[in-house]
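I opened the notebook to look up salt bridges. Here are my entries.

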Amino acid sequence: EYAAYDGDIIVNKDAAYASILMTTKLHQGSSDARLKNDYLKKLVNYSHSYVQLYPGDARSIAVMSHAAEEAYREGMFQQAADLTELYSDTPYTEATYNLHSIKAHIYFKLERYRDAETAYQAILQHYKPDPKIRKQIDDNLAISIYNQATVAKAANNAADALRHYTRI
């Protein structure tokens, strides 16, 4: 940390990456819930800084994906969303499948159903998931659309609700 950062500013790229790796190990190896949470917050913060400063670095996608996945797993959905949204134009490659998948699930958990629908559709358009995963994505897509319909219905917007229901 001392070699990598001056406050929140990265002063050494390699030391910053090493701090991300070490914080990951500490987070995963901790049995103390408070320490585990503290390490996760550091991991998310360090990863966010790294990806923001070095978006073109070959390691940035993996750093972002890993931190977002850990945050998602621990229920830190907004922090995970913030990470996945650092690149608005993340390419659709085999290396980014996990990132796009996490992003779709995060939007669903945050009840951003329109964003979740868009993300699930993009996954289906750009990737060829195996049949079991495909079924899960199809189900999540349908539920995202259904939830848009129920939100519209609750807002007394029958026409919009009906449009969403028929899209399912």
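Is Glu-69 buried, partly exposed or exposed? I looked up its relative accessibility: at 26%, Glu-69 counts as partly exposed. I note that the model is predicted.

**Entry: helix 3.** I looked for the partner of Glu-69. Arg-73 forms a salt bridge with Glu-69, and the closest N and O atoms are 3.0 Å apart. Both residues sit in helix 3, 4 residues apart, so about one helical turn separates them.

**Entry: Lys-13 and Asp-57.** Lys-13 lies in helix 1 (residues 13-29), and Asp-57 lies in the loop between helix 2 (33-53) and helix 3 (60-73), so the pair ties together parts that are 44 residues apart in sequence. I looked up accessibility on each side. Asp-57 is buried, at a relative accessible area of 14%. Lys-13 is partly exposed, at 30%.

**Entry: helix 2.** I moved on to Arg-34 and Asp-38. Their side chains form a salt bridge of 3.1 Å, N to O. The two are 4 residues apart in helix 2, so they are separated by about one helical turn. Arg-34 is exposed, with a relative accessible area of 55%. Asp-38 comes out at 31% and counts as partly exposed.

**Entry: the total.** How many salt bridges does the structure hold? I noted 13.

Definitions and conventions. Residues are numbered from 1 along each chain as its sequence is written. This is a predicted model: local features need pLDDT of at least 70, side-chain atom pairs count only at pLDDT 80 or more; totals for chains, interfaces and linings use all residues. Side-chain values use heavy atoms; hydrogens and water are left out. A salt bridge is a side-chain nitrogen of Lys or Arg within 4 Å of a carboxyl oxygen of Asp or Glu. Buried means under 20% relative accessible area, exposed over 50%, partly exposed in between (1.4 Å probe, protein chains only).
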